[in-house]
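Keep the sequence and the 3D view open while you read.

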Amino acid sequence: APITFLLNVNYNLWFLVTWMAWVYFAFIDKPGEIRARFFLSFFAIWILVGSLLAIVFSSAGPCFYGRLGFTPDPYAGLMTYLRGVNETYAIWAIPLQDELWLGYTDPSLVIKGISAMPSMHNGSALLFALAGYQVSRIAGHLLSAHAVLIFIGSVHLGWHYAVDSYLAWALTLVIWFAMVPVSRWWHSKAAQGDFDRMLAAGA
């Protein structure tokens with residue numbers, strides 16, 4: 001139970017890590033190809049993976065499997081365990097899953113989103129780790145540990161099937177490396193070079 005709680009804490013820290021990555025690359029990191037590559041990758045992942053493919057591969061995560069009437073439910077034992085742990089430790093995934101299900105079944109509610117594939121938690125966590133290694137080895141190691149725990153938590157907390165993460169990771173890697181020539185081209189433009197020098201002088 002304590003391990004489940006800690007996995008849940010790390011899973012929710014994803015929001016904080018996302019904002020920290022944004023703030024760092026937007027306001028702290030010096031202008032250059034790495035910053036452009038990070039933001040281009042971030043937006044591409046959310047547009048392609050988190051929006052378009054999330055529609056194409058619309059699916060219900062393990063926590064919603066039984067609620068949709070599929071039998072037998074191989075995740076019933078997991079959800080029973082998580083609800084039991086939630087009685088002792090605050091497992092924030094449980095009330096949020098209930099809220100998302102209510103939003104799915106009640107058309108009058110605004111809160112939606114039970115689609116599991118691809119996993120944006122896992123895709124973006126990998127992106128943060130890849131970008132972190134461009135900053136420092138320590139940042140890369142810490143963000144890699146966070147990404148691994150996100151993967152474990154996403155399955156253990158009933159949010160995702162493992163394959164949701166595998167697809168997100170593969171697409172994230174493709175996008176991350178595809179943005180190398182794009183960011184390089186962007187910073188080869190004279191106007192962008194002048195802008196970078198102006199920002200560096202102001203800093």
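In which helix does Ser51 lie? Ser51 lies in helix H2. Helices here are DSSP runs of H or I with at least four residues, strands are runs of E with at least two, and both are numbered from the N terminus.

## Before we go on

What you're looking at is a predicted model, so local features need pLDDT of at least 70 and side-chain atom pairs count only at pLDDT 80 or more, while totals for chains, interfaces and linings use all residues. Residues are numbered from 1 along each chain as its sequence is written, and side-chain values use heavy atoms, with hydrogens and water left out.

## The big picture

Count up the secondary structure and you get 9 helices and 0 strands. Reading along the sequence, the pattern is α-α-α-α-α-α-α-α-α. The C-alpha trace spans about 60 × 35 × 30 Å along its principal axes.

Of the 203 residues in the protein, 40% are buried. Buried means under 20% relative accessible area, exposed means over 50%, and partly exposed is in between (1.4 Å probe, protein chains only). The protein exposes about 11,100 Å², and carbon and sulfur atoms supply 73% of that. Those areas come from the Shrake-Rupley method with a 1.4 Å probe, and for residues only the protein chains shown count as cover.

Now for contacts, meaning heavy atoms within 4.5 Å. Take the contacts with a separation of 6 or more: residues 24 or more positions apart account for 74% of them.

## Inside the core

A nonpolar core is a set of buried Ala, Val, Leu, Ile, Met, Phe, Trp, Tyr and Cys residues joined through side-chain atoms within 4.5 Å. The largest one here has 37 residues, and those with the most contacts inside it are Phe38, Phe64, Phe128, Leu157 and Trp159. Among the elements that give two or more residues to this core are helix H1 (2–28), helix H2 (33–56) and helix H8 (162–186). H6 gives the most, with 7 residues. In soluble globular proteins, nonpolar side chains tend to be buried together.

Which residues does Leu157 contact, leaving aside its neighbours within four places in sequence? They are Thr4, Leu7, Asn8, Tyr11, Leu82, Ile91, Ala93 and Gln97. Let's follow one of these partners, Thr4. Thr4 lies in helix H1 and is buried, with a relative accessible area of 2%. Leaving aside neighbours within four places, Thr4 is in contact with Tyr81, Leu82, Val85, Ile91, His156 and Leu157.

Ser51 and Met120 are 69 residues apart along the chain, and their C-alpha atoms are separated by 9.6 Å.

Leu53 is also found in helix H2, and Leu53 is partly exposed, with a relative accessible area of 24%. Not counting residues up to four places away in sequence, Leu53 touches Leu48, Met117, Pro118 and Leu171.

The protein has 10 positive and 10 negative side chains, and the centres of the two sets lie 12 Å apart. Lys and Arg count as positive and Asp and Glu as negative, while His and the chain ends are not counted. The place of a charge is taken as NZ of Lys, CZ of Arg, CG of Asp or CD of Glu. Side chains of opposite charge can pair when their charged atoms come close.

How many salt bridges does a search of the whole structure find? The search finds 3, where a salt bridge is a side-chain nitrogen of Lys or Arg within 4 Å of a carboxyl oxygen of Asp or Glu. In one of them, Arg184 pairs with Glu33, and the closest N and O atoms are 3.9 Å apart. Arg184 lies in helix H8 and Glu33 in helix H2, so this pair ties together parts that are 151 residues apart in sequence.

Arg67, Arg83 and Asp98 are linked in a network of salt bridges. Arg67 and Asp98 meet at 2.7 Å, N to O; Arg67 is in the loop between H3 and H4, and Asp98 is in helix H5, 31 residues apart. Asp98 and Arg83 also meet at 2.7 Å, N to O. Here Asp98 lies in helix H5 and Arg83 in helix H4, so the pair ties together parts that are 15 residues apart in sequence.
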